[in-house]
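Let's take a walk through this model, one piece at a time. Have the sequence and the structure open as you read.

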Amino acid sequence: HTAAVVAASPASPGGMVYTWGNGDKGQLGHGADVDTLLTPAPVEIEEIEGHVCQVECGLTHTLVLSLMGTVFMMGKDESGAGSRKT
């Protein structure tokens with residue numbers, strides 16, 4: 001799967017997350033019923049809409065960092081991947 005941050009507007013420091021590809025573990029953020037998306041679609045999570053500064057993809061999960069410093073996780077938390085202390 002793939003994820004990208006797209007600017008909400010030219011004047012905005014944050015953006016929206018778009019995901020596409022294989023989502024069989026919920027890693028696309030579009031619900032458990034979406035297994036595959038062939039075209040990018042916006043992730044609609046009210047708390048992060050327009051406020052995303054970074055996104056990272058793991059094998060079965062996606063991590064989203066908001067401008068406020070909050071991390072959101074979508075997908076499967078295999079082996080504690082989303083809760084490791086660094």
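In which sense do strand E4 and strand E5 pair, and over how many bridges? Strand E4 (residues 52-57) and strand E5 (residues 61-66) run antiparallel and share 5 bridges. Strands here are DSSP runs of at least two residues, labelled E and numbered from the N terminus, and two of them pair if DSSP finds at least two bridges between them. Val52 sits across from Ser66 in E5, and a hairpin of 3 residues links E4 to E5.

Before going on, a word on where this comes from. The model is predicted, so local features need pLDDT of at least 70 and side-chain atom pairs count only at pLDDT 80 or more, while totals for chains, interfaces and linings use all residues. Residues are numbered from 1 along each chain as its sequence is written, and side-chain values use heavy atoms, with hydrogens and water left out.

Now follow E5 onward. E5 also pairs with strand E6 (residues 71-75), again antiparallel over 5 bridges, with Leu65 facing Val71 in E6. The hairpin between E5 and E6 has 4 residues, and Gly69 in that turn shows a positive phi of about 90°.

Next, look at Thr19 in strand E2. Thr19 is buried, with a relative accessible area of 0%; buried means under 20% relative accessible area, exposed over 50%, and partly exposed in between (1.4 Å probe, protein chains only). Its side chain makes a polar contact of 2.8 Å with the side chain of His30, a polar contact being a pair of N or O atoms within 3.5 Å, where within protein one must be able to donate a hydrogen and the other to accept it, and residues adjacent in sequence count only if both atoms are side-chain atoms. A polar atom of the Thr19 side chain also lies 2.7 Å from the backbone oxygen of Leu28.
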